[in-house]
Protein chains: 2
Amino acid sequence: MALIVQKYGGTSVGSIERIRNVARRCLAAQREGNDVVVIVSAMSGETNRLLGLAHSVTPIPDAREMDAIAATGEQVCAALTALAIHNEGGRARSLLGHQIKVVTDDAFTKARIKTIDGSKIFATLKNGEIAVVAGFQGVDRDGNITTLGRGGSDTSAVAIAAAIKADACEIYTDVDGVYTTDPTICPSARKIDKISFEEMLELASLGAKVLQIRSVEIAMKYEVPVHVRSAFSDVPGTWVTNEDSSLEEVVVAGVAYEKNDARVHIVGIDDRPGVVADLFGQIAEKNISVDMIIQSATTESRANVTFTVPKTDLARAKPFLEEIGKALGAREVRYDEDVVKVSIVGLGMRSHAGVAAKAFRFLANEGINIQAISTSEIKISCLIAAKYTELAVRALHDGFGLHRAKGCTP
Amino acid sequence: MALIVQKYGGTSVGSIERIRNVARRCLAAQREGNDVVVIVSAMSGETNRLLGLAHSVTPIPDAREMDAIAATGEQVCAALTALAIHNEGGRARSLLGHQIKVVTDDAFTKARIKTIDGSKIFATLKNGEIAVVAGFQGVDRDGNITTLGRGGSDTSAVAIAAAIKADACEIYTDVDGVYTTDPTICPSARKIDKISFEEMLELASLGAKVLQIRSVEIAMKYEVPVHVRSAFSDVPGTWVTNEDSSLEEVVVAGVAYEKNDARVHIVGIDDRPGVVADLFGQIAEKNISVDMIIQSATTESRANVTFTVPKTDLARAKPFLEEIGKALGAREVRYDEDVVKVSIVGLGMRSHAGVAAKAFRFLANEGINIQAISTSEIKISCLIAAKYTELAVRALHDGFGLHRAKGCTP
């Protein structure tokens, strides 16, 4: 007998029929002798409908009121799921953020969880009921309703699993696991049976969308085994755990890509000590996050600096970058939004030399020019022209042998 | 400067445009120097949509989950109203049942308010904000969401007005006040300027639908002046207060009718002491409420008994009534659902003799046979054939001079 947290996303509860399917799955897990806690998102489309209502009233709605509105999506879905379990002959009770309580800070629309009280959940389980928890929501210390931001139900699920020390957190979604890369652009992509928290965190940060970054952070911190799997089949999905897959001789676990960054190229600034520090210090003051940075010296005490900023910040950053460029003696500031960041991630890189060189070679073989590089202990990212996205992903994926099936791990 | 509670029903907040209208009204009241607390219902149609969802999952949904679902209608509307006030340049904050707190018993779907804590409302007002409260909802002592039953937002409004000792509770609706009778069947019906709590309570109990009975009970108990008026005009409506309108020589304040009762006629039971007590004792045990009762002796120690029961209880009561009739020696049990209860209500009856006789005369003049009568200190109800409803209402209304305009009272 285990304590299992199951989380169902918006697509998995997207209709009454699908909610019935969720109810049957929960009951099956309970019948196997488990205590079952279910976290549900709003029915797909519902959050957008609710936020649309708020925006139809006023162009920039107050964040506190937005949260009071948005949280109703999960509230309704949790109660409907409890009813669906009743309808299948089971016992269940819905629990809301303010009932559990999931206490967060007061950063409305993007609140962070501070504490979770498991006692109401345990009382429900002890009563033989399935606890159906509304995801995505909490309350601040004053009892105001907060939400955790888009995809926050993953975070709710993993945080609740950590708080009640669940044996596993199953994330049910519309894909059947984490893939070595995006199957829609790389047909040879394979489902990963097992991946480490660190790798999953890098993949999520670098563009893989199957799990929210914060949920992976929490899972890693509290060592909650996460099982990402399909709500529509019984095939095992991907286990995210703290086991080190490098023991299995896997160098690269996955390939990710992200089109959210724009490249900034500042040409010919004064090449004297402190200039680059000045530049990035002033950018940071504007609260613009900079990712990949390349500095290259040219002739005659001039330097070129290249870096990336989020595309969403670019419009706001441009006038400021022009100004600072001028102040530092730059000849020109250029922008390029037609870029993509392609990344390989793998714990095995720590113990294998030459992975970066191999990656650059795979891209060069396809005639792809690398505009910037950033690396960490377990990932290598390359900025390239966006038109090469699919080509680069496939070259890296198959180059590192990810298209070949490995022995299945449990 | 006064402390005003305003309540807007589902039709008054039935669209975004109407919510904007509500926002402007609240702000106008605030600009006049008042502290304003607004109670809103769900947007019209929303509660039905939500309960429909619940019923599409399971035929008899659990009441606790129904309340969790239904309460979201008011939650969304309160937040939208706060946003609409922001959009007009005002300041406002939505407050939910569990935030205030409105503590109720745990009779889900028909909970009764036990206590209301005004401190969050006062803090909001002190901050210069309009407090927008979600009506219809509360929490029980365990923090479960409860609702007060259909029309419960009236009850919320009056109870909150009582709790914070508001100077007045304005009930905004889609009619412009309380009428002397239903204007749709009696063209000479007039808006009442002022009516007593007792009269309003009788009218609401006897079929007038403009105010919920429980809200009038609370208003009377805590002496909250209630102003029933239109959300779509500035015309003064009807004040419901504890002033005695009989000082103004008004004998009958209004005429109501109700088609919810069926007549039961038990013919020829034993006419001995205790038989009738037996009969109604056994009916009461089945939790069926009986209203008008007539007993008439016939020849040879037999008696006939006539009484009314709610139509909704009739199917369930029939087999039981047959059985008990047989046991008491009855020759026959007859039923008639084609009846209506027509009532006149007025504090003035207390000091005016002959009102009942006059009423019976007005009906007799129209050839209407009275099947049963029940009276209290301030009302007279007559059971008649349903086909005479309109005729009887008009005869009583105009007979008692309600069609004549009186001097306006403030």
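Hi everyone, let me start with one pair of residues: in chain B, Val255(B) sits opposite Ile344(B), which belongs to S18(B). Before I go on, please keep in mind that this is a predicted model.

So what surrounds that pair? S13(B) is joined to strand S18 of chain B, residues 339-345, by 5 bridges, and the two run antiparallel. Zooming out, chain B has an open sheet of 4 strands, in the order S13-S18-S20-S19, and the pairing is antiparallel. Which strands stand at the edges? In chain B they are strand S13, residues 254-258, and strand S19, residues 372-376. Each has a single partner strand, so one side of each is left without a neighbour in the sheet. On average, neighbouring strands of this sheet are turned by 20° against each other, if we ignore direction.

Now hop over to chain A. Here, too, you can find S13(A) running antiparallel to strand S18 of chain A, residues 339-345, with 5 bridges joining them.

Next, how do the two chains relate to each other? Chain A superposes on chain B by a rotation of 180°, with 0.0 Å of shift along the axis and an RMSD of 0.1 Å. That is the relation of a two-fold axis. The same surface serves both copies, as 100% of the contact residues of chain A recur in chain B. Which residue of chain A comes closest to the rotation axis? That would be Thr72(A), whose C-alpha is at 2.9 Å.

Let's finish with the contact itself. Chain A gives 27 residues and chain B gives 27 residues. On the side of chain A that touches chain B, the elements giving two or more residues are four stretches of chain A: helix H1 (16-31), helix H2 (46-57), helix H3 (63-87) and helix H4 (97-100). The largest share of that side comes from H3(A), with 13 residues.

Methods:
Residues are numbered from 1 along each chain as its sequence is written. Chains are lettered from A and ligands numbered from 1 in the order in which they are written. This is a predicted model: local features need pLDDT of at least 70, side-chain atom pairs count only at pLDDT 80 or more; totals for chains, interfaces and linings use all residues. Two residues are in contact if their C-beta atoms, placed from the backbone, lie within 7 Å. Two strands pair if DSSP finds at least two bridges between them. Axes are lines fitted to C-alpha atoms, for helices over the stretch in contact, and angles run from 0 to 180 degrees between N-to-C directions. Copies are superposed by least squares on the C-alpha atoms of residues with pLDDT of at least 70 in both.
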